[in-house]
Amino acid sequence: MNLLRRNRSLAITIAALLVLFAIFIAIHPRGFSVYVLTIWFNQGTLLGLAAIAQFFVVLVRGVDLSVGPIVALTNVAASYLLIGSPGGIALGIVAVLVLGAICGLANGVAVVYGRVPPIVTTLASGSIFSGLALLLRPTPGGGIDENLSDALTYDIYGVPASAILLIVVLLALTISLRFSLLGLTMYAIGSSEQSASMTGVRVGRVKLAAYGMSGIFSALTGLYVSMVTLTGDPAIGPAYTLNSIAAVVLGGVALTGGVGSPLGAVAGALILKTISSLMFFSGLPPLAQPFFEGLVLAVAISLGALGVFRIRNRLELFQ
Amino acid sequence: MAEALVRLKSVSKSYGGVPALTDVDFHCEPGLVHAILGENGAGKSTLMKLLAGVIQPDAGEIALSGRTTRLASPREAAQQGIVCMFQELSLMPHLSVGDNIVISAPRTRFGFLRRAAYDDARATLNGIGATGISLSARASELSLAERQLVEIAKALFRKPRLLILDEATSALTSELVETVFGVLRELKRRGVAILFISHRMHEVDAIADRISVFRNGRHIDTFDVGTRSPKEVIGLMIGRSLEELFPPRGATPPDDAPVVLNVSDLSWNGQLHNVDLQVRQGEIVGLGGLDGQGQQHLMHAVFGVLRKVSGRIEVNGRQINGVLPSQAKRSEIGLALVPEDRKTEGLILDMSVTENLRLAALSRAPFGILGLDTETEQRIRRLIDRLSLICGSFDAPVATLSGGNQQKVVLAKWLALSPKCLLLMDPTRGIDLPTKAQLYQLLRELAREGLAVVLHSTDYEELIHLCDRVYVFYNGRTVRQLTGDELTPNALIEASMNMPLPAGIRS
């Protein structure tokens, strides 16, 4: 009971997700099938991984506008590297992850040692990453090893491979964030950077690690985009940035830092994806969909600001 | 004599040209409780921050066990065995009590925290009598006293060689203070050096072996406990007698003087409960008690900073519930509030002295864009003279002024509006003594001219010697009202703790 009370917002998020999923299945023309479930999980995994990337930066009181650009850059890199011999592909995957980590760490260095506000840093670096992606591949193209793609985007004995992937990632992250010193320190810094510093925590290094983790998860997103689309596309970035922020907010991750979990972020991402699928099946004219998607995002992000109405001391509005 | 654990050699530190510590020599020894006494702004907290590695000295050096050391961060200081429990709390609000304690001295295997550390954290809490605090409770859910206990446990958990306690026990009941002192005596026996900062003389007498007095950033004297009388100690702290510092009180305003500020049954957000308070014309009314018991909230409620305040607030018989600060300062209401932190709330540091002086009165100028009327301008001029405001140039940023002169600017900017009731939040914090004496004199004069003054102070001497009447706050309530001869240090402390002191500690 106590556990439920402490995780009330997470419980509400997951309940909302289940309700939306039930509606989605009910109105889906093909009903419940392994195929529908697999497509749903593949879509959800794309945004879910990006939401985890955003989660790490938001956890330490930042916001990452370069999530989308890193996704695009790593997707383009994968379209060159993930083809050929199995050994070459494995090396390619490692190279793409390293590329993502470098992008994230570059953001972290500017924020931690350069004292540049995260929003400015990632706006600028995001532009650089998008530019690099365009230079590497001005138009969509390239190829991905199809066997690998099939293995990761179909089902295994009726269970979507992407669902297994997502659950493994979430389990590993949840355990390591909850029980490792690094994880605890990230929450401590997000909760109060000053107190954490007074406590003798290595604030700089741990923040850097959070940005690095964010870069790695953006790269994982880019890799999974490659698995789903089988090409490299430099223009896929923008949607991931805004959607990942909306997903973490929906998932109960506080934009003020120190609160939230990867599970919440992924649940938020699945909710967003389900809503946009619902719109697809609801017979809205396709041209009206971006408008309603934007509306949902705006509402989702506004939810995070609802706390303003509970503030009883006007001075807190200025903090 | 045992070798000094920590020795400061001619250490100086200043902030933006304002000296906080000047040429300080100081040392402390293992197995000794060393009390540091001094007024607000005497340099105590600067000394602590130097030792804890939060700031570095401008000149001079710090030696640990005879070796000169640079303490570049709180982390490095902790590695040298120096652990500080700061007055401004260092708990992470969203983390559990257990995590807060364990993270200060983590033990890991393959990067994962060992569960045994949590058992030790439990044992440390139990040792200081905090058996009722659950390890899984969030820090933000704790009361002020509980947070203080967790802070102490956190400091002890790191097994310090030098433990610095800065007002560590200010919110604790006397039973808990005794339990904590028991632990400190045990540490002392094991050879830990303890620096103890407290405003409460009876606590210093109960635990300290040696006392060092600081004043205006200088180390004035060090002596063993019991070799000086309390009066001598206070004399050392303020550098003059109390009679010189405070102006004579004069006649108390008559009972039929009109009530300017009348607060009745005021409650807010579970942090203020049914507060009743009256301030008459010409009266200086103090708000006492421990820090953060609702005094600040009351001032904010009256000035219209808080939302959803219940009860009744009247100024000169006119109900003003629900007004905004911009309305409260209008001449028909006539409130002025000097906020707690002059650097962030009282002044705009980058703007010039003149601009800051005009800021509050701007709304009285037509459309707020045309110049102020000559009457207001003249009033500001007269206030500058009256306050003997010293600054290089009125066009220089107000940040270049000393703390005392900055506070004068804040006061002048509000007095320029000719308020009827002046709310002051700890106006003399961090201000040098001559300026303090000037401010006391001015407040007394203003009261004599008919201003109603409400003064929140953490300084007992101010409440006792300046105020006509003191409301003591505890837990968001006014628990006692002290007037005239009832205003004694002991009565204030008793009322602040909301209980009589046990006979043993009573002096």
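In chain B, strand 15 (residues 284-288) and strand 21 (residues 469-474) run parallel and are joined by four bridges. Within this pair, V285(B) has R469(B) of strand 21 as its bridge partner. Strands here are DSSP runs of E of at least two residues, helices are DSSP runs of H or I of at least four residues, and both are numbered from the N terminus. Two strands count as paired if DSSP finds at least two bridges between them.

The model is predicted, so that local features need pLDDT of at least 70 and side-chain atom pairs count only at pLDDT 80 or more, while totals for chains, interfaces and linings use all residues. Residues are numbered from 1 along each chain as its sequence is written, and chains are lettered from A and ligands numbered from 1 in the order in which they are written.

## Sheets of chain B

Angles run from 0 to 180 degrees between N-to-C directions, and axes are lines fitted to C-alpha atoms, for helices over the stretch in contact.

A further open sheet of chain B has four strands in the order 14-13-16-17, with antiparallel pairing. Its edge strands, strand 14 (272-280) and strand 17 (318-319) of chain B, each pair on one side only. Strand 16 (residues 310-315) of chain B runs antiparallel to strand 17 of chain B, and two bridges join them. V315(B) stands opposite R318(B) of strand 17. Helix 10 of chain B packs on this sheet too, touching strand 13 (259-268), strand 14 and strand 16 of chain B. Here the direction of helix 10 makes about 110° with that of strand 13 of chain B.

Strand 3 (residues 33-37) of chain B is mostly covered, with five of its five residues buried. On one side lie V33(B), A35(B) and L37(B), and on the other H34(B) and I36(B), all of them buried. A residue is buried if 20 or more other C-beta atoms lie within 10 Å of its own, exposed if 12 or fewer, and partly exposed in between, the C-beta atoms being placed from the backbone. The table gives the pairings of strand 3.

| Partner strand in chain B | Sense and bridges | Bridge partners |
|---|---|---|
| Strand 10 (residues 193-197) | parallel, four bridges | A35(B) and F196(B) |
| Strand 11 (residues 210-215) | parallel, four bridges | H34(B) and R210(B) |

## Backbone angles

Most residues other than glycine have a negative phi. D23(B), in strand 2 (residues 18-28) of chain B, has a positive phi near 50°. D23(B) counts as partly exposed because 14 C-beta neighbours lie inside 10 Å. F110(B) also has a positive phi, of about 50°, and is placed in the loop between strand 7 (108-109) and strand 8 (112-113) of chain B. F110(B) is exposed, with 5 other C-beta atoms within 10 Å.

## Domains and chains

By an automatic or database domain assignment, chain B is divided into domain 1 (6-241), domain 2 (242-334 + 419-507) and domain 3 (351-418). The centres of domain 1 and domain 2 of chain B, taken over C-alpha atoms, are separated by 31 Å. Their contact takes 15 residues from domain 1 and 19 residues from domain 2 of chain B.

Between the chains, 24 residues of chain A are in contact with 25 residues of chain B. On the side of chain A that touches chain B, helix 9 (181-191) and helix 10 (193-198) of chain A are the elements that give two or more residues. Helix 9 of chain A gives the most, with seven residues.

Technical notes: Two residues are in contact if their C-beta atoms, placed from the backbone, lie within 7 Å.
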